[in-house]
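Let's take a friendly walk through a protein model together. Have the sequence and the picture open as you read.

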Amino acid sequence: MCGIVGIVAKEPVNQSLYDALIVLQHRGQDAAGIMTIENNMFNLRKANGLVRDVFHTRHMKRLTGNVGIGHCRYPTAGSSSSAEAQPFYVNSPFGIAFAHNGNLTNSHELQEEVFKIARRHINTTSDSELLLNIFAHALHQTSELTIHPDEIFAAVERVHAKIRGAYAVVAAIIGQGMVAFRDPHGIRPLVLGKRTTAKGDEYMVASESVALDAVGFSFIRDVAPGEAIYVTENGELFTKQCAPNPVCHPCIFEFVYFARPDSFIDGVSVYASRVNMGRKLGEKIKREWGHLDIDVVIPIPETSMDVALQIANTLELPYRQGFVKNRYIGRTFIMPGQKMRRKSVRRKLNAISSEFKGKNVLLVDDSIVRGTTSEQIIEMARESGANKVYFASAAPEIRFPNVYGIDMPSANELIAYGREIDQICECIKADGLIFQDISDLVAAVSEENPVITKFETSVFDGSYVTGDIDQSYLERIDKARGESQKALSMFQAELSNLEMHNMDN
């Protein structure tokens with residue numbers, strides 16, 4: 001899961017790109033990058049780290065130009081590499097800078113094809129670089145030095161025909177303008193915005209509408225599944241549907257966890273959808289747990305706060321803030337290695353003991369992935385004096401791998417895999433555990449936009465909307481993930497030994 005942004009303006013875009021990435025930081029905290037164009041030259045700064053740490057004054061001064069794109073990355077393979085920070089770029093044709101959010105599901109076979117047919121070398125393991133080269137090869141078939149919009153759209157059509165999976169893309173092409181497109185299922189989000197100035201119209205695309213708000217662009221609409229957007233350097237806007245049978249199947253986890261509550265995605269208010277989740281889960285708790293003596297409802301900050309408040313209202317119980325969050329710690333389920341995640345939970349949250357002492361508490365979280373964080377938080381509640389600790393999840397049980405860009409590719413790492421609810425409850429050491437029903441979750445989101453009839457819900461039900469995922473595919477990525485984590489563990493061990501050696505000397 002990553003954040004992307006692109007702007008074509010009448011004035012320098014470096015500050016606007018930076019500001020947009022700051023508000024998209026929740027989508028990726030591993031690396032960040034900005035690429036601008038001026039005088040037919042790329043200006044690039046990218047590195048591992050948070051947006052505020054990657055870009056200093058000296059970097060911003062050289063990111064000149066009125067066209068640019070930005071990216072904040074989170075690793076989907078459980079590891080971190082500065083070589084895979086985006087944007088990527090290729091010199092031919094024209095010079096293309098490229099940023100991508102999502103994950104391709106047929107990258108394995110495309111690797112060989114790109115080399116044999118297009119004679120293009122892929123320098124990293126990133127499917128984003130692979131996608132860039134496929135797009136570049138498709139665009140290379142034009143013979144003119146100035147691209148006509150129809151040629152852009154023809155290239156995107158060829159890309160759609162070749163690749164499968166989830167992708168939202170923004171690209172800047174030297175001497176031409178900005179291109180953005182979205183996968184035919186609309187799994188990953190992408191929005192279009194506009195700002196009118198005295199010098200003319202300016203356009204922006206971004207992963208979430210909140211990025212438009214941050215830099216003064218007005219929301220026009222969501223980029224439709226399969227659609228391509230082309231904005232020339234002069235600010236002319238062209239759009240076209242480039243997929244033969246597009247459908248809108250957005251990832252429901254965007255609404256559960258990833259997106260900011262002040263964003264709108266595919267016509268759905270993220271905040272309103274979470275309020276609906278809380279109401280429906282509260283009604284389930286009232287039906288099934290009416291016999292429990294719950295004293296207080298406490299959210300696990302921050303995504304679940306809106307859900308928990310609505311649960312408290314539905315149950316007519318007090319709502320309290322029982323945990324204080326350190327905002328400078330990254331998301332724990334993104335972190336490589338179980339040991340690292342365990343260490344980070346205590347640094348991330350601290351309990352307010354007075355809200356727990358002698359009480360039966362209902363803790364509310366957005367979801368339970370590996371269970372590490374849930375177990376630690378329940379332990380913290382007990383240490384703070386809670387009498388009983390019940391746990392509610394705004395999402396159903398996560399039992400299946402995610403293959404569309406969220407770091408949940410191995411079923412063996414998911415606490416709900418192969419376990420019933422009472423077994424999960426025992427694992428996290430709760431006195432009671434309740435999950436949202438998948439039908440209620442879907443209804444909570446679709447209530448805000450009834451036009452959407454199906455969501456990407458594979459982590460809950462194992463149904464992959466692209467129709468190309470089978471057990472052999474899951475086993476292959478599980479094996480690749482295991483090899484990657486083994487290499488990472490060996491590196492961490494060597495680093496630890498080196499540190500101890502230096503201390504001894």
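What follows is a short tour of strands, a sheet, a helix, some ring pairs and the nonpolar cores.

This is a predicted model, where local features need pLDDT of at least 70, side-chain atom pairs count only at pLDDT 80 or more, and totals for chains, interfaces and linings use all residues. Residues are numbered from 1 along each chain as its sequence is written, and side-chain values use heavy atoms, leaving out hydrogens and water.

Helices (H or I, at least four residues) and strands (E, at least two) are DSSP runs, numbered from the N terminus. Strands of a sheet pair through backbone hydrogen bonds, either parallel or antiparallel. Here, two strands count as paired if DSSP finds at least two bridges between them.

| Pair | Sense | Bridges |
|---|---|---|
| β2 and β3 | antiparallel | eight bridges |
| β2 and β4 | antiparallel | seven bridges |
| β19 and β20 | parallel | six bridges |

Is strand β2 mostly covered or mostly open? Seven of the eight residues in β2 (residues 31-38) are buried; buried means under 20% relative accessible area, exposed over 50%, and partly exposed in between (1.4 Å probe, protein chains only).

**An open sheet and a helix across it**

Four strands make an open sheet in the order β16-β19-β20-β21, with parallel pairing. Its edge strands, β16 and β21 (432-435), each pair on one side only. Within the sheet, Leu 363 stands opposite Phe 391 in β20.

Helix α13 (residues 421-428) lies across β20 and β21, at about 125° to β21; axes are lines fitted to C-alpha atoms, for helices over the stretch in contact, and angles run from 0 to 180 degrees between N-to-C directions. Which residues of α13 are buried? They include Ile 424, Cys 425 and Ile 428. Seen down the axis, the buried residues of α13 fall within an arc of 100°, so they line one face of the helix; the arc is that of the directions from the helix axis to the C-beta atoms. On the other side of α13, Asp 422 and Glu 426 are exposed.

**Ring pairs and cores**

How many aromatic pairs does the structure hold? There are 15. Rings of Phe, Tyr and Trp (its six-membered ring) pair if their centres lie within 6.5 Å; planes under 30 degrees apart count as stacked, over 60 as edge-to-face and the rest as tilted. The rings of Trp 289 and Tyr 390 have centres 5.7 Å apart and planes at 55°, so this pair is tilted. Trp 289 lies in the loop between α9 (270-288) and β16 (296-299) and Tyr 390 in β20 (residues 388-393), so the pair ties together parts 101 residues apart in sequence.

A nonpolar core is a set of buried Ala, Val, Leu, Ile, Met, Phe, Trp, Tyr and Cys residues joined through side-chain atoms within 4.5 Å. The largest has 53 residues, and those with the most contacts inside it are Phe 253, Ile 285, Ile 311 and Leu 362. Apart from this core lies another, of 32 residues, among them Leu 104 and Val 114. Phe 253 also belongs to a cluster of linked ring pairs, together with Tyr 74, Tyr 257, Phe 258 and Phe 460.

Technical notes:
Contact = heavy atoms within 4.5 Å.
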